[in-house]
Amino acid sequence: MRTLPLLLLVPVLVIACAPVKLIENTRVSIGDTYSVDPQLRWASVPARPGLDLWTVDGAALDSVMFIKGVADGEAVFRGPIRSGAPDDDKRPKFRTEMTPSDIAELFVDSYALFRNQKLETAGLRPEKFGTEDGFRFEMTWVTPAGLEMQALVAGAIIKKRLHAVVYSGARAHYFPKYRDAVEKLLTSIKLQ
Amino acid sequence: MKLATQVLSLILALSLLAGCATPRGAPGALTDLKPGERPALATDEAGLWMAMDRVEANLKTSGHVVTDPALNSYVQGIVCRLAGPHCASIRVYIVQTPHLNASMAPNGMMQVWTGLILHADNEAQLAYVLGHEIGHYVRRHSVQLFRDVRLKSNATLFLNVLAGAAGVGFVGPLIQLAALSSVFAFSRDNEREADEVGFELMVLAGYDPHEAAKIWEALLAQRAATKDSQPSIFFATHPPTGERVATLKALAEKTRTAPGELDLGRERFLAATGPFRATMLRDELRLRRSAATQLLLDRLAASGSAPGEIQFFQGELYRLRGESGDDVKAIAAYEKAAAAGDVPPEAHRSLGLVLMKARANARARAAFFRYLELRPDAQDGAMIRDYLKRLE
């Protein structure tokens, strides 16, 4: 019985030990689906399963998160969230038949799992993700620490999996700081 | 758990610091707080107030507080009706979060979470809970608890406390408040006393005393529906026991009230909270606890207010739950909502989305057109127009 909690800790420890890596400003592959031009000298930091996370000033202040192919029936955020949060099987799930409207809602509900409040979306519209038909919207929320955040989400369903790039930052300063660079990063997406 | 420990650590650390300035000795029975009274500076109670003042300063500037003047004035008005001469010392903060909670800090900072407002049927029920919290404040239960914790703690714990307290500054307001609520889990005697005070205050203010037990009964049902998901902070600190319900029912039966004197305040409650109900229900839906939300929607539907809006959210629950047959149920609920007349434009968008998936293209187009007609500047208008093209 005592070994079980220790075993559960192993993935967390592995993530915690993963190194912070500087992203070179050359073309970078995101999984095996697409590549981007980073535009900035981001640092890649440890992230949840299925995600890559890059930041300049610290992930709590600004970050680009690459969601690398959520399969049908999977949650966007897997792994431990917080005490009292629903287990993976009770979290909002991606479904391949989802419309962009459903996906925007999926993001909002997934961010609510972290006790973020006042979650709103704006500007949902169709947009190419590389050469794929995709979508884009903006999102705002207040973190449990009271920080007002803003995010830009662009994504598409590619081969029945949800791929998305989420650029988020503190609304007051950090989000506008790298927004132009992230816009260029998004237009640089090339499917592999 | 870690955060709760951190805040407990802060309180215990404060108690240690306060112990340096305060003569030791049995605190004895605390007298009720007098209107406008503040604790003497060189006391542990003053230290506790100062800590809460800092939490309050954080809360004020956080984005969690509902700033609408009308809603704030309404809830503060209920507090003043109940608290009488203590009114000026109690500052109400309405916190936007679907979780059910209300709490009272020793310095007069009262939090009312929107989840509580959503789950109350009328002003009398809300007044009872607010009166209960005022009871904790006037009887200085936080101070009692604080001293109990200090007396029961041992040296090892104090050492841990000092180590843990260092991290407290990083705890955000909402987490702090949630953790503080769990720390301020009053004794059963304190809870009983606050129940009695809350009950007396609501009766003195002219509210229907039978509503006190009713809100606990509703919360018992809510707890049963959510027993395996997210435990409520409020339930942890205010266990809605059968004994509690029975006591309040018995008290209500004994209370002599003349016909026409009993005030439910239902119309006032609906007028004040109605403009926020859609936001509160949207927040509730985001918890994705369909059994508990269904219970709430059943209660709201039975109350007969805003039938279109309630039917819309019933449709939303089916659409988001996505179980077999839910698409058909969602369509029926949205159509019922549209027929009721007081439906938000988003009901037509949701109907269009479900119909589009069901390949009922003509009906989906009609629903989307109706949405854009009612919401010409819709934030997702470009996406809806794209769906319309695909449905041609």
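Reader: Is Glu105(A) buried or exposed?
Author: Glu105(A) is buried, with a relative accessible area of 17%. Buried means under 20% relative accessible area, exposed means over 50%, and partly exposed lies in between (1.4 Å probe, protein chains only).

Reader: Before we continue, what kind of model is this, and how is it numbered?
Author: This is a predicted model, in which local features need pLDDT of at least 70, side-chain atom pairs count only at pLDDT 80 or more, and totals for chains, interfaces and linings use all residues. Residues are numbered from 1 along each chain as its sequence is written, chains are lettered from A and ligands numbered from 1 in the order in which they are written, and side-chain values use heavy atoms, with hydrogens and water left out.

Reader: Thank you. Which side chain meets Glu105(A) in a salt bridge?
Author: That of Arg319(B), at 2.8 Å from N to O. Arg319(B) lies in helix α15 of chain B and Glu105(A) in helix α2 (residues 100-112) of chain A, so the pair joins two chains. A salt bridge is a side-chain nitrogen of Lys or Arg within 4 Å of a carboxyl oxygen of Asp or Glu. Helices (H or I, at least four residues) and strands (E, at least two) are DSSP runs, numbered from the N terminus.

Reader: And Arg319(B), is that buried or exposed?
Author: Arg319(B) counts as buried, at 15% relative accessibility.

Reader: What area is buried between chain B and chain A?
Author: About 2600 Å² is buried between chain B and chain A, and carbon and sulfur atoms give 51% of that area. Buried area is the accessible area (1.4 Å probe) that two parts lose on being put together, summed over both. As for contacts, 31 residues of chain B touch 30 residues of chain A, where contact means heavy atoms within 4.5 Å.

Reader: Back to α15(B), please. How many of its residues are buried?
Author: In α15(B), 13 of the 15 residues are buried, so the helix is largely enclosed by the rest of the structure. Helix α15 of chain B covers residues 307-321 and reaches 21 Å from its first C-alpha to its last, close to the 21 Å expected at 1.5 Å a residue. The expected span is 1.5 Å times one less than the number of residues in the helix.

Reader: What follows α15(B)?
Author: Gly322(B) follows α15(B), and its phi is positive, near 65 degrees.

Reader: Now chain A. How many helices and strands are there?
Author: Chain A has three helices and eleven strands. From the N terminus on, its elements run α-β-β-β-β-β-β-α-β-β-β-β-α-β. Of its 192 residues, 49% count as buried.

Reader: Which strand holds Ser44(A)?
Author: Ser44(A) lies in strand β4 (residues 43-45) of chain A. Ser44(A) is buried, at a relative accessible area of 17%. Leaving aside residues up to four places away in sequence, Ser44(A) touches Pro19(A), Val20(A), Lys21(A), Ile23(A), Leu53(A) and Trp54(A).

Reader: Which residue forms a salt bridge with Asp37(A)?
Author: Arg27(A) does, with the closest N and O atoms 2.9 Å apart. Arg27(A) lies in the loop between β1 (21-22) and β2 (28-30) of chain A, and Asp37(A) in the loop between β3 (34-36) and β4, so the pair ties together parts that are ten residues apart in sequence. Arg27(A) is partly exposed at 31% relative accessibility, and Asp37(A) is partly exposed at 30%.

Reader: One last topic: how many disulfides are found over all chains?
Author: The search of the whole structure finds one disulfide. Cys80(B) and Cys87(B) form the disulfide, with their sulfur atoms 1.8 Å apart; the cut-off for such a pair of cysteine sulfur atoms is within 2.5 Å. The link of Cys80(B) and Cys87(B) is right-handed, with 45 degrees about the S-S bond. Cys80(B) counts as partly exposed, at 24% relative accessibility.
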